[in-house]
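I opened the model and kept notes on what I looked up. The entries follow in the order in which I made them.

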Amino acid sequence: MTRKFAGVAVALALALAACGSDPAAAPQEGAGSGAATIEIGSLYEPQNLDNTAGGGQGVTETFNGNVYEGLYRLTDAGQVENLLAESEKVSDDGLTYTFELRQGVTFHSGKALTAADVKHSIERVSAEDSQSARKSQLQVIKSVTAPDEHTVVVKLSSRSISLLYNLSYVWIVNADVKDLTTGEDGTGPYKLGSWKRGSTLSLEPFPGYWGPKPANGGVVFHYFTEATALNNALITGAVDVVTSEQSPDALAQFTGNPDYKVAEGHSTTKLLLAFNDRKAPFDKPLVRKAVSSAIDDAKLLESIWAGHGSLIGSMVPPTDPWYEDLTKVNPYDVELAKKQLAEAGYAGGFRFTLDTPNYDPHPTVATFVKSELAKVGITVDINVITADEWYSKVFKKRDFAATLQEHVNDRDVVWYGNPDFYWGYDNKQVTGWVEQAERAKTAEEQTELLKKANRQIAEDAASDWLYLYPQIVVASSKLSGYPVNGLNSQFYAYGIKKG
Amino acid sequence: MRGLGSKGLAAGCVLVGVVLGVAVVSLVWLPYDPADTSGGRLVPPGGEHLLGTDKLGRDLLTQLMIGARIALVAGGGSVLLGGVLGVLAGLAAGFATRWLDDALAAALDALIAFPTLLLAMLVVAVRQASLGSAVLAIGLAMSAVVARLTRILVKRVLAQDYITAARTSGSSWPRIIAEHVLPNIWPTLLVNLALQLGLAVLAEASLSYLGLGPPPPNASWGRLLHEAQATVLTAPVGAIAPGVLLVVLVVGVNLVADGLRDLAPGRSR
């Protein structure tokens with residue numbers, strides 16, 4: 001059963017400040033231990049192996065940077081650095097990018113990387129049937145051409161300050177391979193060993209890799225559907241590291257134990273109570289504000305995460321450059337909520353159905369929301385649905401009143417600039433600011449505009465941003481070199497050493 | 001368990017009675033409002049909250065009492081549905097002959113081969129996850145078991161000479177069913193239905209544990225178990241209490257079934 005919704009969860013990522021991916025490692029004890037296989041425990045098995053075909057968060061965690069590489073790489077510290085693109089030139093009007101590709105790069109199949117592969121790879125993400133969450137951000141690309149083997153020219157319809165950042169999510173794949181849902185052909189340091197569905201996925205070092213060899217002898221991702229089983233696997237030594245702890249209560253067994261290290265980094269995963277802003281009663285900002293003010297987010301966060309995580313008050317997490325604290329815009333205030341409801345014409349409250357994904361923490365959160373809203377006269381009917389149903393009913397058909405969902409991507413406030421997104425928030429000003437921000441000439445200009453957009457969506461309570469998840473990685477203390485900001489989706493494995 | 005006799009029956013009645021009592025009391029009195037989240041996170045047992053609170057700060061005892069109600073409604077509802085459908089289908093199959101009998105028997109076997117949980121997932125996929133869906137799914141699965149048993153019992157009765165005698169003396173089939181068949185098969189059926197009640201309670205808990213039972217905030221014991229799973233190390237009562245209650249109810253129901261079997265005419269030794 002899938003956790004976190006695939007389409008939105010897709011590219012996730014990070015942008016986190018803080019530590020790089022190579023904390024001072026314990027001295028290597030000879031080649032033998034350095035070549036050990038790393039056993040990684042995760043709750044996020046890929047749906048399939050293609051990130052443009054609904055592979056979900058799992059395939060990003062497993063493959064991003066490990067099996068596939070982009071023209072650019074987003075580091076664990078949130079920096080964009082060159083990877084398969086050795087250099088780039090930007091025209092004065094900002095509309096033409098010329099990328100020089102790294103030479104001597106081969107795919108796992110043995111074929112050499114060419115500009116034609118890059119062209120194909122970019123186009124498959126923006127293709128009509130692509131399910132990539134980055135698809136809309138790449139719409140700005142007018143054409144991709146390959147004037148020679150190692151040069152790619154990208155022409156834009158308007159300036160795009162995030163282009164390089166967005167390209168870090170575009171996997172460069174072999175253009176000759178048609179179906180990537182069950183196999184792979186990337187250029188990364190690992191190739192796919194075997195995938196036993198419902199159980200494990202192994203990656204083996206690729207001997208022909210152009211860069212430095214992985215610090216380990218391969219990695220195996222072990223997939224669990226249940227956090228307790230995953231933690232037990234760590235205790236028994238069946239896995240060396242858990243990519244993302246999802247319950248604070250399990251931490252008690254690891255903190256203070258010298259055999260384990262607990263790292264709390266930053267996440268970009270926001271839990272949203274997303275309204276359908278197209279339909280009554282949530283088409284009225286006042287109603288949405290009232291609901292936001294009626295729910296005690298701090299208490300909810302304490303209930304679910306027991307002191308971990310943080311409140312954000314809007315869509316932007318502290319690690320995005322355009323963050324500001326907006327928790328005061330719709331404060332927890334039951335009296336205010338009642339007043340706003342009355343003003344909006346719902347003094348007697350109303351009733352709505354909350355579509356709730358069937359996996360944790362959503363059912364518990366839904367229970368809390370129901371109990372909070374009852375205090376202002378709003379009756380909530382909880383409708384539990386699977387992740388697949390969520391995708392078809394809520395995301396595709398927009399057949400919902402309100403829903404709960406985790407949004408894992410960083411820099412995703414821009415979705416409020418898209419009136420066609422599933423929540424249907426349509427504010428011309430915000431759409432304009434998001435568009436202008438993308439065309440900005442400087443990062444400062446972009447930041448200013450997105451701050452404005454972020455403030456406006458909070459003013460309109462476009463959604464209710466309940467809280468921001470913590471990012472907690474627990475590992476055997478023998479392990480080093482793993483990403484701690486692993487920002488949910490990507491988990492670079494090549495630096496991990498055991499011993 | 002055979003041989004416990006009336007002591008077993010009495011013990012079973014007490015266990016079931018406790019759960020039934022709790023469920024009845026929950027209709028008129030609860031320690032706290034089930035939606036009250038003011039208790040604090042995972043407060044240990046004792047003090048204001050006899051069994052402590054859950055993650056959201058809700059009183060655990062309150063949740064458990066509501067859970068007793070849900071368990072009994074799910075169990076009873078499933079047995080009612082499964083019993084009525086099963087006995088009707090079983091009677092029909094019992095009276096059928098040749099190919100129709102073969103076909104019905106094969107259909108029942110096929111239905112029995114279908115795991116209850118899988119059937120329940122299908123039902124939930126078509127309808128919404130709810131107590132009604134759970135009862136429907138469990139009842140349907142149960143009806144096949146009951147129908148098969150009924151069919152065999154009916155066949156056995158129909159082979160008796162007094163049925164032939166009744167037929168030749170002009171009794172109608174409905175009359176034969178009412179006067180000869182049902183009185184002869186009900187003791188065995190009753191024992192079986194009692195056993196099915198225990199299985200139905202467990203099935204509902206399994207469904208709720210998987211998130212396919214009545215949606216939150218309904219405090220089914222299975223859901224409480226699921227929610228307490230992540231906090232089993234820090235707040236074990238949350239996981240132990242619903243488990244103990246499930247055991248009490250299921251063991252109680254089984255003891256009752258066992259006692260009934262010993263009392264059934266022709267079965268006592």
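Entry 1, a cis proline in chain A. I found A:Pro281 in the loop between strand 12 (260-275) and helix 7 (285-294) of chain A; helices (H or I, at least four residues) and strands (E, at least two) are DSSP runs, numbered from the N terminus. The peptide bond from A:Ala280 to A:Pro281 is cis, with omega near 0 degrees.

Residues are numbered from 1 along each chain as its sequence is written, and chains are lettered from A and ligands numbered from 1 in the order in which they are written.

I looked up pLDDT, the predictor's confidence in each residue, from 0 to 100. The average for chain A is 88, and 93% of the residues score at least 70. Residues 1-34 of chain A have a pLDDT below 50, yet this stretch has 118 contacts in the model beyond near neighbours in sequence. Two residues are in contact if their C-beta atoms, placed from the backbone, lie within 7 Å. Where pLDDT is low, the predicted coordinates should not be read in detail.

I noted that the peptide bond from B:Pro216 to B:Pro217 is cis, with omega near 5 degrees. B:Pro217 is in the loop between helix 7 (173-209) and helix 8 (221-229) of chain B.

Most residues other than glycine have a negative phi, and most peptide bonds are trans. I found phi near 55 degrees at A:Arg398, in the loop between helix 11 (387-396) and strand 15 (402-407) of chain A. A:Ala461 has phi near 45 degrees and sits in the loop between helix 13 (443-459) and strand 16 (464-476) of chain A. A:Arg398 is partly exposed, with 15 other C-beta atoms within 10 Å. The cut-offs are 20 or more other C-beta atoms within 10 Å for buried, 12 or fewer for exposed, and partly exposed in between, with C-beta atoms placed from the backbone.

The contact takes 23 residues from chain A and 18 residues from chain B. Helix 10 of chain A gives the largest share of the chain A side, eight residues. By class, the side of chain A that touches chain B has eleven nonpolar, nine polar and three charged residues. Here Ala, Val, Leu, Ile, Met, Phe, Trp, Tyr, Cys and Pro count as nonpolar, Asp, Glu, Lys and Arg as charged, and the others, Gly among them, as polar.

I looked up helix 3 (residues 98-113) and helix 5 (residues 131-158) of chain B, which pack at an angle of about 145 degrees with their axes 9 Å apart. Axes are lines fitted to C-alpha atoms, for helices over the stretch in contact, and angles run from 0 to 180 degrees between N-to-C directions. The residues making the contact include B:Leu108 of helix 3 of chain B and B:Arg148 of helix 5 of chain B. The contact of helix 3 with helix 5 of chain B has seven nonpolar, no polar and two charged residues.

Conventions: This is a predicted model: local features need pLDDT of at least 70, side-chain atom pairs count only at pLDDT 80 or more; totals for chains, interfaces and linings use all residues.
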